[in-house]
Amino acid sequence: MAVVERREVDRARVKAIVAREEAAYRARTPRSAELHERARRSMPLGVASSFQTYEPYPLFIREGRGSRMWDVDGNEYLDFDMALGVLAAGHSHPAFVEAVQARAALGTAFTFPSEEQALVAEELKRRFRADLIRFSNSGTEATMDAIRVARGYTGREKIVKFEGGYHGHHDDVLISIQPPRASMGDASTPNSVPASAGIPRSRIADTVIAPFNQPEIVEQILDRHRGEIAAIIVEAVQFNIGVVPPEPGFLERLRELATAHDIVLIFDEVKTGVVIAYGGAVEYYGVQPDLFCLAKSIGGGTPIGAFGGSEAVMRVIEGGAKAPLIESGLAHSSFGGAARVAHMGTMNGSPLVMAAALAVLTKVLTPDVYPRLQAMGDRLTAGSQEIIDQFGLPAYAINVGPKGIVMFAPQRVTGYRDFIGLDDELWASSFWYLANRGILLPPATDDQWTISVQHTEAEVDRYLAVFRAWAAEVAG
Ligand SMILES: Cc1ncc(COP(=O)(O)O)c(C=O)c1O
């Protein structure tokens, strides 16, 4: 591979681009500013989820169709964010619209199950080589439920989670998401650093943090906590610190270690599942976890979660759990007794969401679309890399399937501690530059593009043309 000379960027020029582009954003999105002001009077930060806002204020979106979105000022965008990876099927795919409309007319909530649940469960079993599936309403619920199942199955309480990994917003996993340098501790014994106020010390103590892509250190941690760990939860590709794939052999080693220590290995496939491959990371990397968690793209844009895995582990929802439960919580029949792991939810497997999932999984994200999704991801990465090399920028492009990113770091990032060095200002200059020219990426350094089945090669090339113009201006 040719050695490309990387140049220092001119900081004053980058700052000037950020300032100019932010001003342009304000000028063309007055209605978003107005709506945000209004929303702040009734919601903290003016949004329903703290991920939905950024400085100076978020775009308010009116409409999405296919690969496009329109904001409330009528500006059109080519959407490469795709709702933080929810929309591998694209916005409002016709098959999705038809299924949701039909179901909405026939009732959307019952105390009783509907046929769609079993059909979606069967489809997910096939894709992930699983025995049993359960549904929930979000990725957070899926990881929360999977961890409880693992605790019930093993009778142990602690979990291992990787530094830099995001698995939703419940207390067990909202730890060491992006810990500050000063509090993260030594690399071989990372501290458990809460990412929110309000997390009890008892929860923090039960989440043991390990460094991603460092199997020797994981092994030492498991030896230190022998007999205490119920689950290792891992996202096969760390997609919440950009794109950080597993080094060859890392997932295989986790599998071996989990088996050796009788620990439940959980893959968090909320972003990877049915996106990087038909069977997600399980298929892409060929490693079988005991449990996996799904959400986002399986529902095509409806609030969904799911988890599943091996018969032995999942059956603890029927009985046979080892963990002691508190007697007073068991009076209601659906809890079923101390030997079962409780899993419930009023809207779990709702007919509306199941109809959407069934349409998306069986009519849109079919096996034949994955080679094209991979090719489009490769095209955007190769094109971005060529531009980065041409202008000698301190960055690199990387993708796994249709999810990728330009990482604003001169060296490959293999774990959270390299990610901290990312050049936020250079990222901001490219984000605003592209957004103002109709190319919308996730509004944060740590999230990546997602290409949907409704994107075209011409749209990928349009992105690249704007990115080239940005690079030329930055390089001067
Ligand atoms: C890998 C991963 N796991 C879990 C979650 C939580 O999913 P949700 O936001 O649906 O609760 C996310 C959300 O971004 C995620 O990226």
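Residues are numbered from 1 along each chain as its sequence is written, and side-chain values use heavy atoms, with hydrogens and water left out. Because the model is predicted, local features need pLDDT of at least 70 and side-chain atom pairs count only at pLDDT 80 or more, whereas totals for chains, interfaces and linings use all residues.

**View 1. A salt bridge joins R13 and D10.** A salt bridge is a side-chain nitrogen of Lys or Arg within 4 Å of a carboxyl oxygen of Asp or Glu, and the structure holds 30 of them. In the pair shown here, the closest N and O atoms of R13 and D10 are 3.8 Å apart. R13 counts as partly exposed at 29% relative accessibility, and D10 counts as partly exposed at 35%; in these terms, buried means under 20% relative accessible area, exposed over 50%, and partly exposed in between, with a 1.4 Å probe and protein chains only.

**View 2. R203 and D206 meet in a salt bridge that belongs to a network.** The side chains of R203 and D206 come together at 3.7 Å, taken from N to O. R203 counts as partly exposed, with 22% relative accessibility, while D206, at 12%, counts as buried.

**View 3. E311 pairs with R315 in a salt bridge.** Here the closest N and O atoms are 2.4 Å apart. E311 is partly exposed, its relative accessible area being 36%, and R315 is partly exposed as well, with 30%.

**View 4. Helix α4 packs with helix α12.** Helices are DSSP runs (H or I, at least four residues), numbered from the N terminus. Helix α4 spans residues 94-104 and helix α12 residues 351-364, and the two pack at an angle of about 155° with their axes 8 Å apart; axes are lines fitted to C-alpha atoms over the stretch in contact, and angles run from 0 to 180 degrees between N-to-C directions. The helices α4 and α12 are therefore roughly antiparallel to each other, a term for angles over 145 degrees. The contact (heavy atoms within 4.5 Å) is made by A95, F96, A99, V100, R103 and A104 of α4, together with P351, L352, A355, A356, A359, V360, K363 and V364 of α12. Its residues divide into twelve nonpolar, no polar and two charged, where Ala, Val, Leu, Ile, Met, Phe, Trp, Tyr, Cys and Pro count as nonpolar, Asp, Glu, Lys and Arg as charged, and the others, Gly among them, as polar.

Note on methods. Angles under 35 degrees count as roughly parallel, over 145 as roughly antiparallel, 65 to 115 as roughly perpendicular and the rest as oblique.
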